[in-house]
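Have the sequence and the 3D view open as you read.

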Amino acid sequence: MTIRNSVQASSEAQPTIVNVGLADRAYDIVIGRGVLRSLGERIAALRPGVRTAIVTDQSVAKHWLAAVEASLKAANVPSSTIVVGEGEGTKSYAVLEQVSEALIAAKIERNDLVIALGGGVVGDLAGFAAAILRRGVDFVQVPTSLLAQVDSSVGGKTGINSPQGKNLLGAFHQPVLVIADTSVLDTLSPRQFRAGYAEVAKYGVLGDEAFFTWLEANHADIFEGSAAREHAIATSCRAKAAIVSRDERETGERALLNLGHTFGHALEAATGFSDRLFHGEGVSIGMVLAAEFSAKLGMISEADAARVERHLASVGLPTHLQDIAGFTQEGLADADALMALMAQDKKVKRGRLTFILLQAIGRAVVTNDVEPALVRDFLQQKLSG
Ligand SMILES: NC(=O)c1ccc[n+]([C@@H]2O[C@H](COP(=O)([O-])OP(=O)(O)OC[C@H]3O[C@@H](n4cnc5c(N)ncnc54)[C@H](O)[C@@H]3O)[C@@H](O)[C@H]2O)c1
Ligand SMILES: [Zn+2]
């Protein structure tokens, strides 16, 4: 991973560029206010003569499609557009079929490009459609949610959901370019922005204590959209790029990025992947649970676990099971039900749960040998408040 220019220099004229170092599949993440305007030019430079198809969802289309189309047109890059419905339900066989057929109808060929314009849902779906179209067409990520800019658009995981579970069908397919325009986040709802922030904080908690400390002091500026936002996004992308370049296929270290996700996914499943709990909100609660469980095992101090909780709560994220409306009163939310949901997670290997635990703030470890009974007791205790 190389960093071409400093964060201080980031502006429309001078975006921050983070390179994901994957040899012949290396690519740039271009981060900055207004960088969307350079999309057409960058694509024309990368792939002269290419045709493109933009895949986006209804909400994102309303705010940002015209700007993307204008940028492509100005650079003489032909484009067609496929608009899908928004929400997690879009990552389905049915919509994958629609998008794939539309890409074929748009005559997107082997050397053309798919452009994913949207949050993680569009990025995962369009990336997967590109991966299977004609056995693989390249694609560009234009992430429009904070979660997508710091996480899902980088690293090449693409896919859809099965009725039996989230992200169970997919492919590793790296984008050839990521354009993260930080001003695009201005139209994102505050709750969605906050949910994405949980993934930003995750990078601090799992591997960078100094960044976590910086977030504690600067989170308000990140929400406001100043240069702090670009710094936070660039730092997150660098952290992810570094891990992905060392462990693209998640045979080891990449699993650290799942901090908070074993608990979080179970909570998302228990609430039916609905608006009751956004992914990032589940990750926030999951990260606090992982920190508290690490403290229970004597790996970190209670004070460090409390520090993680305090920061996430200070930006307005949920941090306790009780923060999910009605959750602890419902029959589903008992410790055994949550254990069963965790056992379904695709990170399960031969029946053993994988947990990412903390040895310190900024030092996470992958553990495969946690005693399930300990986890169950811990959850039971948390559920009873
Ligand atoms: N591939 C990966 O590595 C990876 C990593 C993390 C998460 N994910 C996936 O990402 C998905 C979640 O992504 P998400 O949180 O971005 O959800 P999302 O794509 O559903 O976007 C959230 C909502 O915000 C809207 N939106 C997005 N950008 C907007 C903007 N700029 N202005 C106004 N509205 C906007 C969308 O229309 C949607 O309604 C999940 O399916 C998850 O599995 C994938
Ligand atoms: Zn996540």
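## Around ligand 1

Helix 2 (58-74), helix 4 (120-132), helix 5 (146-152) and strand 8 (165-172) each put at least two residues into the shell around ligand 1. Helix 2 makes the largest contribution to the shell, with four residues. In total, 25 residues surround ligand 1, and the closest are Glu-86, Glu-88, Thr-144, Ser-145 and Thr-187; a residue counts as near if one of its heavy atoms lies within 4 Å.

A quick word on ground rules: this is a predicted model, where local features need pLDDT of at least 70 and side-chain atom pairs count only at pLDDT 80 or more, while totals for chains, interfaces and linings use all residues. Residues are numbered from 1 along each chain as its sequence is written, chains are lettered from A and ligands numbered from 1 in the order written, and side-chain values use heavy atoms, leaving out hydrogens and water.

By class, the shell around ligand 1 has six nonpolar, 10 polar and nine charged residues.

Which atoms sit 2.8 Å from an oxygen of ligand 1? One is an N or O atom in the side chain of Lys-91, and another is a polar backbone atom of Gly-120. A nitrogen atom of ligand 1 is 3.1 Å from a polar backbone atom of Val-184. Taken alone, ligand 1 exposes 860 Å², and the protein buries 89% of that (Shrake-Rupley areas, 1.4 Å probe).

## The zinc ion

Ligand 2 is a zinc ion, and its protein donors are Glu-199 (OE), His-261 (NE2) and His-279 (NE2), at 1.9 to 2.1 Å. Donors are N, O and S atoms within 2.8 Å of the metal (3.2 Å for Na, K and Ca), and with water not among the atoms, sites may look incomplete. The donor spacing in sequence reads E-x61-H-x17-H. His-261 sits in helix 9 and His-279 in helix 10 (residues 279-296), 18 residues apart, so the pair links distant parts of the chain.

## Two loops with positive phi

Glu-250 has a phi near 55°, positive although the residue is not glycine, and lies in the loop between helix 8 (227-246) and helix 9. Phe-273 is another such case, with phi near 50°, in the loop between helix 9 and helix 10.

Note on methods: Polar contact = N/O pair within 3.5 Å; in protein donor to acceptor, adjacent residues only side chain to side chain. Nonpolar A, V, L, I, M, F, W, Y, C, P; charged D, E, K, R; others polar.
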